[in-house]
Structures are given as structure tokens and as C-alpha cells.
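Please open the model in a viewer and keep the selection panel at hand. The tour below moves from one selection to the next.

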Amino acid sequence: MIKRIHHINFIVKDLDKALQRYRVLFGNPVGEPEMLPQRGVKLARFKVGETWLILVQPVDDEGIPAQYLKEHGEGFFLISCQVDDVRKAAKLVSSKGIEVLDRNPRQGLDDWKVMDLSPDDLFGADFQLVESAI
Amino acid sequence: MATKSRKNQSSVDLSRRRFLVAGSTISGSFLLGLPALSLADARITSSGDTRIGFFINILENGDVIIGNNQPEIGQGLRTTLPMLVAEELDIEWDKVKIESMPLGIIKTADGYTWKYGGQGVGGSTGLTSNWTFMREVGATARLMLMQAAAELWAVPLDQCSTRPGEVICTSAGKRASYGELVKLASRLTPPDAAPPLKNMDEYRIVGKPQRNKEVMDIVTARAYYGIDTRVPGMRFAVIVRSPVLNGTVAGFDDTATRAVNGVLDVFKIEGPAEGAPYHILAHGVAVVATSTWAAIKGREALKIEWEQSPNREDSSEKFWQQNREMLSGQGQIVHDQGDFPAAIKAANKVIRHSYEVPFVSHSPLEPQNCFAWVKKDSVHIIAPTQMPSGASRAANAVTGIEREHIKVEMTRVGGGFGRRLSNDYVAEACIISKKTGWPIKLQWTREDDMKNDFYRPGGTHELAAGLDEQGKVTAWTQRLASGSKYYRRDGMKDENLWKAELYPDDFPQAMVDNYRLEYFHNTIGIPRGSWRAPAHTANAFVIQSFLDEIAHETGQDPLALRLELLGRVEQQPYSSHGATVMTPGRLSRLLKFVSNRIDYDTARPKGRGVGIATHFTFGGYAAHAIEVSVSSKGKLTIERIVAAIDCGYAVNPNAVEAQLQGGTCDGLSTALDLEITVRDGRVMQNNFDDYPLMRIASVPALFEAHVLNYDDTPTGVGEIGLPSAAPALTNAIFNATGIRIRKLPIADQLRRYS
């Protein structure tokens, strides 16, 4: 069902500062930093092999990323796993006891359709399913 | 004995409108009933029809079979009503067996009247309309058994009394079981009027928690639902209904269908004309076969060409947009007290918010089904229905056969919720049976049921309140744009459409001097109907949400604000269904109770919160307090529920508790995830995968359902448990997160920004 690790998100307080350090490891990010207003975040992404590495800075205090940052501090946010059909995959994992937090897929970057899995059912780890052509 | 008994009956004073009928069965047992009958009914009585009005069957071994005249839709009436009879009859409850009675109607010169008393359940009236009647049935039978004993022992009647299952005469040192007295009692002339009823403090059965008599059958799959009906020689039918609202059949190719093994016949079903009242829901094509499976396979092979429907461009998006547009203008002022415009203008502060409540499906676990056999001069129906008399009328309308020749048997109903107030599926079964001449079992699939329903109307509510310097509410308005469920009703005038959606007497009308209700009707084509606690579910959500918004925006405590409003009036007249007065203090009592139980005043950490709500309807009072947690990922967990109901007097506290639990779950389930949407004139939902009812795992272990008696008058309980559940939940979410839910269902709204 899962084809590959599609992207890994890290949450940061200051995207500009974080980019300076991450450039040392991964070179220049792909494109300019982007705003994703429906999710209350600003982000930048690197391509590492076949996987995207994304730095996420919350810009809306009410948003869940901001709350997550407050509770957990900076660092790992989530791993997103690519599937062919996110609804079908969600139904399958749900039937096997892993709760899917979203009723419907949410729109991520580009054409990404994402659905989050409950960390309660994955020993505290944050995983996501993503359907994407790229 | 039977002849003598009939003779006695004919001697009864025929001028009485209520009298008792006695007779004996073939087995020699004793049957009693106390039906409300007209003079014309007495003619039938004297003709010796022993089935009239028979509720009690005392077997000679002491067992007692009590007839239940009402549909059983899960509300427990098949236990609760016989409890009333058993209490007054004075028998041991474990001696009682229950028998379901068919529809009983009698033709008179004035039209049809009831044979076994009114039959039908809707509007939470099943118990209240039989509360006195059923006790009188039991008390009258007890009196006649004592009369029989007095005659047998040659002692005065007033020296006889009863102990459970037997008559005793202490002065004569005599005792006899009901079973021993039954033959003698059956020969007696029934009393002129029902004897006095017991004092409530003497009750041994009523008012005590009694286990549902059918629970073992239900959990062991022995309970008989409509879907279980099997009659020798019957055929099976399914229907393809127009997928587009109000679509019609242009033509069809049934070649492949008829090639399916078992398929017997295929033909068109005419639905109602555009805009006409519904007798069935849709135009379509019926497939009749030797099994349900063959009929379904045949249906899948059918090729149908549909005419363009006038509703082919209906959509949910359009509906909500039209509502917003209508609300920007002036609607029909349907209630106006005080001087609302002046009061809102003079207010120190005005608060306005809009809310959206979606269309929802009834989704009973048992999809619609009906057995019908239309013969030349008679019809036999076996159906899960809330309104057997409606089934009789539906059958009459499509067959032309007189209702006195239409037999309607009721099975246990696998979920009513108002869906089975309509008997469209009975009409469909009759149409198919009439056309083929066969006994027909019509079966809807889950998908048929989801896509063809009389849905709860969706609507957009705009509320505004004016407040004075102290934050007291001085003006209130509710403006509603919705698709009224009274749409397409026979003889319904447009100016009365609002009456199904707004209730002028509802809280807080009596508490606010300047109060206005305004209505806008949306003509969307989706069928609408009564859904458990009808418009109360929407109105309780918006009113109880809005109160919390007022409290938040004025720095008041939500409980204190409610108690202040409720404390303004001691008692108010109530003209809507189910009561003549409303006592706000009863709501206050429940609110305080649930708030206390859930530790309302205790501060909670971020992400955790408590919400409260209350509502009055159909004579009953309820309140909910709900505690939730919302994780940083937006995951909602209902941590604790405290629900309380005041239904006056709980006849069977177990059943009331079950209704409160069920109503609460129904309300929460609907608020969490349920919505029917329309696109291109089609209902988009199919089954429980895209219409996900709440699962048992989502119900917290900490779920208290309290039954608080108030007086000695029971009210209905089937619906009151539902309306305040949703706003208590969304108020708790706000308390936990600061996110205000103004549109139902909640669905992914807590996943914002994730």
C-alpha cells in the first residue's frame, strides 16, 4: 500500500534562521518559501533523493501546528507516506485499527491530498498518508 | 359460553361511548379490553366478534398474555404499556407475556374509528396517549375477577380483594387464582365505567425499572422484524428509483434483466406528479423475482433512460447560497412580540451569528420493506411501520380497496426516527402486488434507503440578541431559511410552511420581551420529513450555541446566563405539540444537576473543556453536560457525558434511561459526522461508509443518564434526549479550544490548520 516516504516535516520557530542551517546539509531549497494559509503555516522544502524535506513555521497562533510547536518544541513534526488512493488507503488502515483523524482528504502543497493518522495508534509517532503524482 | 357472553355484551347500555367487551377464546381463556367505541362499534360487538378490544388473555395456568396495540420502534412500548395493565390487574410481572396486535379500525357512518384505541407512534405520544387507557383496562379486568369470586363464594364484593394473580376473601377464608376464576368472570356484564385506579404509592410494577420483555429475543436474533417476513408463495421485489430528484422514466431496456435467473417481471412504477404530495417517493422501475438476490441482480442489469428532471441542477452549494441571499432580504415575520426593532436599536450591545444545520437521513438499521398481498377484494400487509393506519390509507389509495378489508400487521421496527411515519414503501409494495397478483415482499437496500428518504430539512439560522448595560438579553430574533418539511403537503398554504420549522413558544420566547421570528422558504427539491425531534434538533443547537456566544462575548458564565433567563418566568403557556405549559424551573433544575455532576466549576487544562445545554419538547425536559478533549492534532475525544431527563413520571425508568442514552448518541452521532448533500439533483451519500454513524468506541465509559421524576404525569421520552446533546458537545469544544462550531456536522472543522 505505501509506496515510499513522500515527505518529512520539521517544525521550526523561525524559517529564515532554520533555512540557514539546513542549507549546510541539503543545499538550496526548491523554490522560494511558500505560504499555506489554509493551514496557517509558512514553509520551505528540499528534495533529498526521492523524498521532500519540509520546514514548517506556524504563522497562525490558533492553528494546530502552532499548538504543536508550543507543546513539543522545534523538531520532527510528521512523516508522510505516499499511496495511490488516499481514501482507499485510509479506509484500509482504519479497518485494521489505526484511526484516521481526517474525515476527508485535505489539500496540501501542489496536488498533494493528505490524511493524518492518529499517533495514539502508532506509539506516539505522527504519520500521514498522501496521494500525489509527484 | 361464548353465546352467553355475547348476550351479556349486547345488554350493555349502548349509549356509552366507552365500554368493556368480554368474551372467551376457543381455548376457554378470558379476554378483556376497554376500547373507545362508537355506537356503530357496538353493533359489531353484539355480533359476537371476540377480537374486538381484547387486550388481556388470562390462561388457566395463571400466565397472562397482554396485547400491545402500538408499534414497537425500539422505544420499549411493548414492555411499558403492558406494565400499566399488569399493575392494575394485579399480577406478577414475570407471569406476563406480550402479544402484538394488528391495526384495528372499524367503519362507521361517520368514517373509520379505532377498534383498539388509537394506534401509531410519533411525536413521543406512545405512552402518554395510553397512560390512562391501559391502566383502566387492567383495573376493569381485576374488578370483574373479584365480581366472579364474590358470586362464586356468595360474599359481598367489598369483602374481596386481590393479591398478585389471585382474589382473596379474608372474612370467608377463600382464595382463588385468576386462572380458576377466568371462565366465570368472562360471563359477567362489564361495569359501566372503569373502576378507580390505584394510588401511585401502591405500585409494584410501574415506576420500577423493568427489563425489556423482548431483549433476549433481540440479542439472540429471534425478534421478528419486517425484514424477516416470509409467506409461502411470495415473490421478491426491488425498485430502481430515479437517481435525480423528481426524475421520470423515459424508457427502459429489460432484456438483460429478464435473462437473469429468477427474474419474473419488470415494469414501470409511476411516482407523484411534479409538486404533488408524495404517495411514493419517486418514479422508477420494479423488478420482481423469486428471491431478493435475483431481483437485485436483475435490477443491476436494467438499462433505464431518465427524462430531464426540473431539479437536475439542485445542489447543496446552491441551497446554502440561496439561503444566504434570502437572509439578506426581508422574510415572513411569523412571530412578533414587544417592539423588536426599537429594542435592538436601543440595545447597549448587539450580537449576531449564523449557523448551518444540514439535511440528514433517518438511516434506520433495518432498511424499508413491506409484505403486501393485494387480492380482488382484500389486502394483507405486514410491515415495520410507525403509522399502521397510514399504511392502511396508503394501501387503499393505490388499490381502491376499502380499508375495512385491508389487514395490517405490525412487526417490530428496526428503527423509526420518523422515517416510518410515511408509508410510501407500503404503497410501493401494494402497487407491485396489485400489478402482478402475487404476494410481494418489497425490499429496499441500504443504498435505496440512504438515497430515498424524507430527510430532516437543512437550514441557515441567523440569530441576533440585544443586551442592556448589565448584559441582560432584551431583544432576540431568529431568522431561518430552510426547506420546510411541509413542502408538498396536501392543502398546505405557503404562509404556513414555517410552522414545521420554528416554534413560537420555545425558549427563550417567554423570557424576552422583544422577540421576533422570521422565515424564508427554500424550494430545493430534496424530499423532507419528520426526523426524531424534528426542528427541535436544529433550533436547540442554534439557540444553545448562541447563548454560549452571548456569554463569551459579554464575559458571563454560560450556566449563570441560562439560569438568569430561565428564572425570569415561573411558568409559560405552551401551544406547540406535547404540552400546555412549560415550567422553566424544571430546565434550571436539570442544568444545575448535570453541571454539578460534571464538576462544571472546576478549571481544566487547555485542550479540555465542558459544555452544557438544555431543551424542552414534547412535554419533556432534558439537559446535557459534556466534557471533551481536543488534541494538538485536532482529535476530538468525548471524555464524559452527563445527561438528565425530567419526563414527569418515569413509568419504566429502564426504558427512559435507554431512550436518553439512545437520544444522546443519536444527537452526538449526527453532530459529529452526518450530512446528506446534493449535487446535480442527486443525493451523494450511499451507505454507512460515507454516512458514518458514531461507533460504540466513541461513546465514553463515563456516560451517566439520570432520570429525575418531577410529578405524577408521564411525558413522552422518545425524542427529548436528543436536541441538547449536540450544542453541549459544540459548547464543550469551544470551551476546550476556542473554536466555535457554527456549521454541522463538526466533521473536519477541528482539523483546521493541521
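Is A:Leu92 buried, partly exposed or exposed? Select A:Leu92: this residue counts as partly exposed because its relative accessibility is 39%, where buried means under 20% relative accessible area, exposed over 50%, and partly exposed in between (1.4 Å probe, protein chains only). The model is predicted, so local features need pLDDT of at least 70 and side-chain atom pairs pLDDT 80 or more, whereas totals for chains, interfaces and linings use all residues. Residues are numbered from 1 along each chain as its sequence is written, chains are lettered from A and ligands numbered from 1 in the order in which they are written, and side-chain values use heavy atoms, without hydrogens and water.

Turn next to the contact between the chains. Select the 26 residues of chain A and the 14 residues of chain B that take part, contact meaning heavy atoms within 4.5 Å. Chain A and chain B bury about 1,800 Å² between them, 46% of it on carbon and sulfur atoms; buried area is the accessible area (1.4 Å probe) lost on putting two parts together, summed over both. In chain A, highlight A:Ile64, A:Leu101 and A:Arg103, which lose the most area to chain B, together 36% of what that side buries.

Finally, display A:Asp116 and B:Arg751, a salt bridge whose closest N and O atoms are 2.4 Å apart. The count between chain A and chain B is seven salt bridges (a side-chain nitrogen of Lys or Arg within 4 Å of a carboxyl oxygen of Asp or Glu).
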